[in-house]
Amino acid sequence: MTTSRAARMQAVVQDRYGTPEVLQVRHVPRPAIAEDEVLVRAHAAGVDRGVWHLMTGLPYAVRLAGYGIRAPKGPVLGGDVAGVVEAVGAAVTRFRPGDAVLGIGTGAFAEYVRAREDKLVPKPAELTFVQAAALPVSGLTALQAVRDHANVQPGQQVLVLGASGGVGTYAVQLAKARGATVIGVCRTAKVDLVRALGADQVVDYTRTDPTDGSRRYDRILDIGGSTPLSSLRRALTPAGRLTIIGGETEGRWLGGYDRTLRAPLLSMFVRQDLGRPWVCSENHVDLAVLVEHVAAGEVTPLVDRTFLLSEAAAAIRHLIDGRAGGKVVITVDATTHR
């Protein structure tokens, strides 16, 4: 039996791992939803480094984690989504068709996205769909890093390495909301951007090494970096705490994650807390906390640039080139501005 045209959609699809050239926009069947899932008519989808890892299949640990050894199991990329509920599963109680939502779905680079009910929250009126799509993955990661893993407290000196990126822009704002003195680290072109986020001081890493030991910090949030643990320890107070959020190197097996594995072993022999491996928990309770921060004026999603669905490859290139300040967002059509 053939699938009717009405039951199909446009989506960004990949059949193999590789560079952005493997991505194609095709018509594919709309996803079927389970009893606890929601079908969202997408208005916008966020782009993060996790998308790049799943597109390339690198580091190889990604493939071993269940995403497909030789080829992607899920051919449609994307997690962050903001849109309107199209249909709900039989067990769904928190949403109904017509509700505007934001959250994390499966295959968000598409016109229709399926998502578990417990990974969605209502979209607040003060956020556009584009802003809402920039919030979930990066916002949750920053929230859990600042609140749960770094345990940032009022009056602490907090160094944020990678302060101008998707996670970093949220980390700066959330650390400030918890009463910390925040020092953001970025490249020259992003200094004004990080200062505008509320950072008390901004360090241009092309001119100054923030880990040279001339100043020590109670907390260090290292976002997607590759700074050696020895340098990070040098910049921590004797009882300071390090939180590593990702890591990016050329390693094809661990891709920078080796620091996260070595850090807790080193912590056994020093006073400093160098953290432990962790994965962001995708849940609606923390999404609701983020929305509360937005409503209070403490957090604002920072969108660097938007791309159309047909420009997904260009969107990923723009992110990986390091030019983005804040989040890159894909809009399903040119009319998505609200």
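## Charges over rings

A charge sits over a ring if NZ of Lys or CZ of Arg is within 6 Å of the ring centre and within 35 degrees of the ring normal. Lys123 does this with Phe129: its charged end sits over the ring, 4.9 Å from the centre. Arg30 does it with Tyr112, where the charged end is 4.0 Å from the ring centre.

Before going further, a note on what you're looking at: this is a predicted model, with local features needing pLDDT of at least 70 and side-chain atom pairs counting only at pLDDT 80 or more, while totals for chains, interfaces and linings use all residues. Residues are numbered from 1 along each chain as its sequence is written, and side-chain values use heavy atoms, with hydrogens and water left out.

What about rings paired with rings? Rings of Phe, Tyr and Trp (its six-membered ring) pair if their centres lie within 6.5 Å, with planes under 30 degrees apart called stacked, over 60 edge-to-face and the rest tilted. The count of aromatic pairs here is 0.

## The chain overall

The protein chain has 10 helices and 14 strands (DSSP runs numbered from the N terminus, H or I of at least four residues for helices and E of at least two for strands). Of its 338 residues, 52% are buried, where buried means under 20% relative accessible area, exposed over 50% and partly exposed in between (1.4 Å probe, protein chains only).

The accessible surface comes to about 15,000 Å², and 52% of that belongs to carbon and sulfur atoms. These areas come from the Shrake-Rupley method with a 1.4 Å probe; for residues, only the protein chains shown count as cover. As for contacts (heavy atoms within 4.5 Å), take those in the protein chain between residues at least 6 apart in sequence: 65% of them join residues at least 24 apart.

## Two nonpolar cores

In soluble globular proteins, nonpolar side chains tend to be buried together. A nonpolar core here is a set of buried Ala, Val, Leu, Ile, Met, Phe, Trp, Tyr and Cys residues joined through side-chain atoms within 4.5 Å. The largest one has 48 residues, and those with the most contacts inside it are Leu102, Leu135, Val160, Leu174 and Leu221. There's also a second, separate core of 32 residues, which includes Val12, Ala313, Val328 and Ile330.

## Strand E3 and its partners

Because 10 of its 11 residues are buried, E3 is largely enclosed by the rest of the structure. Strands pair when DSSP finds at least two bridges between them. E3 (residues 37–47) runs antiparallel to E4 (residues 80–88), with 6 bridges. Val40 stands opposite Val85 in E4, and Ala44 has Ala82 as its bridge partner there. Ala82 also has a bridge partner in E5, namely Leu102. Between E4 and E5 (residues 100–104) there are 5 bridges, again antiparallel.

E3 also pairs with E6 (residues 112–116) in the antiparallel sense, over 5 bridges. Here Arg41 is partnered with Tyr112, the residue whose ring has the charged end of Arg30 over it. A further antiparallel pairing joins E3 to E14 (residues 327–331) over 4 bridges, with Ala45 opposite Ile330. Ile330 is also in the second core.

## A parallel pair

E11 (residues 217–223) and E12 run parallel, paired over 6 bridges. Tyr217 stands opposite Leu236 in E12. Of the 10 residues of E12 (residues 236–245), 7 are buried, so E12 is largely enclosed by the rest of the structure.

Arg305 lies in E13 (residues 303–308) and is partly exposed, with a relative accessible area of 42%. Leaving aside neighbours within four places in sequence, Arg305 is in contact with His318, Lys327, Val328 and Val329. Ala324 is 19 residues from Arg305 in sequence and 7.6 Å away in space, C-alpha to C-alpha.

Arg323 sits in the loop between H10 (312–320) and E14. Arg323 is partly exposed too, at 47% relative accessible area. With neighbours within four places set aside, its contacts are Lys190, Asp304, Arg317 and His318. Asp304 is 19 residues from Arg323 in sequence, at a C-alpha to C-alpha distance of 9.0 Å.

Which residue has a positive phi although it is not a glycine? That's Asn151, with a phi of about 50°. Asn151 is found in the loop between H4 (136–149) and E8 (157–161), and counts as partly exposed at 28% relative accessibility.
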